[in-house]
Structure formats: C-alpha cells, structure tokens
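Here is a set of questions about how structural terms are applied. Each answer sets a value against a cut-off and draws the conclusion.

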Amino acid sequence: PPEEVEDASEPTKRDRSHLESTLKLNEEKPADDFSGVLQRLRKIYHSSIKPLEQSYRYNELRQHEITDGEITSKPMVLFLGPWSVGKSSMINYLLGLDDTPYQLYTGAEPTTSEFTVIMHGPKLKTIEGIVMAADSARSFSPLEKFGQNFLEKLIGIEVPHKLLERVTFVDTPGIIENRKQQERGYPFNDVCQWFIDRADLIFVVFDPTKLDVGLELEMLFRQLKGRESQIRIILNKADSLATQELMRVYGALFWSLAPLINVTEPPRVYVSSFWPHEYQPDTHKELFLKEEISLLEDLNQVIENRMENKIAFIRQHAIRVRIHALLVDRYLQTYKDKMTFFSDGELVFRDIVEDPDKFFIFKSILAKTNVSKFDLPNREAYKDFFGINPITSFKLLSQQCSYMGGCFLEKIEKAIARELPDLLGSIGLGKKPNVLSCDITGCGETPKNRYRKP
C-alpha cells in the first residue's frame, strides 16, 4: 500500500497514551503532601540516630552520612549498562524529550560521558555539576568528595515535566569493556556505588545485538549485591531481532548473568523497545507493549511507595548505626578489661583487633541483641576503622547518657522499635486502611523485597 512508502523516510511515532495513563500524568489531583511526615522523620533522625552516628564515627566505616537533602529527596531511578544500549533514548522517550532542544544526545558511538541528573524545574535549563554539588539543599552535595575531575563530568538538566515532580532520573556513562578505570580520570566505580546506594530503582539496560558481559560489567554486578530487589533488567531494542533470535538472546542473557546475581529470585527482565518509534513489522508488538506497561507500573509503584521506602531506608540505617555502636562499645569494654597498670595499650588492642573472635566480640553482639548475622559488618573493616580512630577516643555506651537527654542507645532503640514503625503506620493507614505498612516494608530486621507484586 502507498502509505508504507511515505513511512520509509520518517518512522512513525507510537501512541503515548499508555504512558500518560499508567504514570497518571494527567491527573490533576495534588500530590500527597508528606511534608509533616518528613519533618517528623528529620526530627527522629537528628535527635535519636545522628548523635550515636557521630559519637562512634559511623561515617568512617560506611562512608554514608545522611544529609537533610537526602531525607527530603525524590525517589531516584538509575540507568546503568554498556554503552549504546539505549539508556538515554529511553529517558528521552519516557519524558517526551525527543526532537526538543533538551533531548539527551544519543548515537551509535559512546555518547554519554557524563553522569546526567534529570530533575524537575520550572523551565528547561542545564546546571553545572560544580553548582549542583555546592547547593546543600540538593541531595548531591556529598558528591564533592569525588573531586574536581568528576564534577566536570556531572551535569544536571531541569525539565518542567509532570513525572519529574515525583522522581529523578540519572543517566550514567556507558560501561566500556576494554577501558581501565584510570582512563576516566575519576573513581568511576565509587561514583557508581554512591548512586547505587541511593537509587530506589536500578534499570540495567542491554542491547540484544551485542551481549558481552566483560569485566567492568562484572564489577558492576558485584556492586549491586544486596540491592537485588531494586534491580530491573531491560532487554532493549527487542524489535530489532526476529522472535526466535530474541528467545535465544534472552536465554543467553540469563545464562551470563546467573553467576553474577546469586539470589533465590532472579530480577525481573523486561523485553521491549523503549523509544518513540513504531515497532518493526512482524515482531511481537503486543508483548512489547505489555512489557512496557508493566515496567511503567513498576516505576509508578516506586513513586507511590516513596514515603514508606524513605522511612524504611532511615530505619535500616539506624539498625546499622546501632550495631556499629554496640561493636565499638564491646571492643572498648574488652580493651578496658584486658588493660593492667603494666600493659602496653597498643599491643593489648592490636591483639583484640587481630582476633576479635578470641574475645567473642561479634558473638556477644549476636547473643545480646536481636541482630541478624547478615547485618554484622565485616571484621576486616574494623581493622581499618580502628587504624584511623584510636580506641581510646571513644566512650562506652553506658557513659553516653545525660540527665535531660536520656541515653543514646535507648533513643536509637526506641526509634527503631517504635517511632519509625509508628510513622510508617501513620501514612500506611491513610492510604490503604486494610494494609498495615509493616507488610509493605517489613518492619522486621530484614526489609522484604518491596517491589515484588503481592
């Protein structure tokens, strides 16, 4: 038919109505106002968690300080994967940026060399990384520690789009398999780790026509350990292959990723073509559209649960801070018990740090508190930690009490056991009267996979 001839020059665009409806972009209803809940969350953090965190220098063990910007930040969706798999095209498509001056640059050769943060703003504009990191109200100020070279590779784009009022996207430089990290001029893996630790959803995107799982990708999956419930794998450009070939690639992808992701439940894989053009003829259009819609539903779920996830994240942080404080306290107690008038403090302490198990340090924490052995930090980490922070610079937990303020340990335990779950309850009940929020986020010690379909 003659219409097809015209199509050959200019690919037709697909209908976007499913995007609008699944992501609820046309709803005029005001976004849930959680400012009161955020104020309470900030207060609990500053009064009950931060004092213990600072007193025992938790930041030096985990390199993770929580800033106010982070408590109030929007959910973050991170796009990772090899170069030229369509990460930037996918963001352009979701935000309808194609053919606008602000579309992310895309092409066949490695194009994105920056970490690009796409966030909401009243009008289209770009922001230099140096400016983003200097603004403490944004959640990106901790990125300053990666140095000037990195900040030059960080860029922000503000776009007045409804979806960005509720979520922030981060596009990352493609993984290039035969390149050394040094050639990038900044610690690429550490920067990736920083974003991974803070992402609510991580899209790892692949192109079915070039699947090579090399070293940099293996490194990446090592860094994603423990974040399996946030990972979604995307087999993009799926309409570029015939069905039989696509099935083969799907199998090969699982095969090469299996050793990298050792979880009981493999991450969800979405097979589709995330860009505005019509699917190629004679490919599985219905399947691709369904897959795209379920990915959008996934994204919507993260937006809807953002407050629960934030509270669960702060609570998880509090649990780790508490374990760290108990451990340092235990090291210090053991040191005090072993010291006599004649002993050499340094030798005594080296003995304890070299073999904490001889003194039952970790075992006693497991026995004394409801700590899961999976939450215990690594013994080696404490060698480094005490290498920088001499044991004598800490106080025992029993001495960290004041007449007016109460005891640090009691306060953090109250936050973990009562205040944060109550805060969860207050928003959970408002939304779905029949579901106690603990079912969603698992108020127990181990957070459940919050994004699995119930």
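Buried means under 20% relative accessible area, exposed means over 50%, and partly exposed lies in between. The model discussed here is predicted.

Q: Why is Cys401 called partly exposed?
A: Cys401 has a relative accessible area of 36%.

Q: What makes Cys192 count as buried?
A: The relative accessibility of Cys192 is 1%. Buried means under 20%, so Cys192 is buried.

Q: How do you know that Cys401 and Cys407 form a disulfide?
A: Their sulfur atoms are 2.0 Å apart. The cut-off for a pair of cysteine sulfur atoms is within 2.5 Å, so Cys401 and Cys407 form a disulfide. By this rule the count comes to one disulfide. The angle about the S-S bond is 110 degrees, and the link of Cys401 and Cys407 is right-handed.

Q: Why are β3 and β8 said to stand at the edges?
A: Eight strands form an open sheet, in the order β3-β4-β2-β5-β1-β6-β7-β8, with mixed pairing. β3 (125-128) and β8 (268-271) each have a single partner strand, so one side of each is left without a neighbour in the sheet. From one strand to the next the twist averages 20 degrees.

Q: How do you know that β3 and β4 pair?
A: Four bridges join β3 and β4 (residues 154-159), in the antiparallel sense. Pairing needs at least two bridges, so β3 and β4 pair. Ile127 has Gly156 in β4 as its bridge partner.

Q: Which strands does β1 run parallel to, and over how many bridges?
A: β1 runs parallel to β5, with four bridges, and parallel to β6, also with four bridges. Met76 stands opposite Thr168 in β5, and Leu78 stands opposite Ile202 in β6.

Q: What makes β1 mostly covered?
A: Five of its five residues are buried. Met76, Leu78 and Leu80 point one way from β1, while Val77 and Phe79 point the other way.

Q: Why is the span of α12 called close to the expected one?
A: Helix α12 (residues 285-304) has 20 residues and reaches 28 Å from its first C-alpha to its last. The expected span is 1.5 Å times one less than the number of residues, which is given as 28 Å for α12. The buried residues of α12 include Phe288, Leu295 and Leu299.

Q: How is the packing of α12 on α13 described?
A: α12 and helix α13 (residues 306-338) pack at an angle of about 60 degrees, and their axes are 5 Å apart. Val302, Ile303 and Glu304 of α12 make the contact with Arg306, Glu308 and Asn309 of α13. By class, this contact of α12 with α13 has two nonpolar, one polar and three charged residues.

Q: What makes the phi of Arg57 worth a remark, and is Arg57 buried or partly exposed?
A: Phi of Arg57 is near 45 degrees, a positive value in a residue other than glycine. Arg57 is in the loop between α3 (35-55) and α4 (58-62). Its relative accessibility is 27%; buried requires under 20%, so Arg57 counts as partly exposed.

How values were computed. Residues numbered from 1 in each chain as written. Predicted model: local features only at pLDDT ≥ 70, side-chain atom pairs only at ≥ 80, totals over all residues. Heavy atoms only, no water. Helix = DSSP H or I, 4+ residues; strand = E, 2+ residues; numbered from the N terminus. Buried < 20%, exposed > 50% of the residue type's maximum accessible area, 1.4 Å probe, protein only. Axes fitted to C-alpha atoms, helices over the stretch in contact; angles between N-to-C directions. Contact = heavy atoms within 4.5 Å. Nonpolar A, V, L, I, M, F, W, Y, C, P; charged D, E, K, R; others polar.
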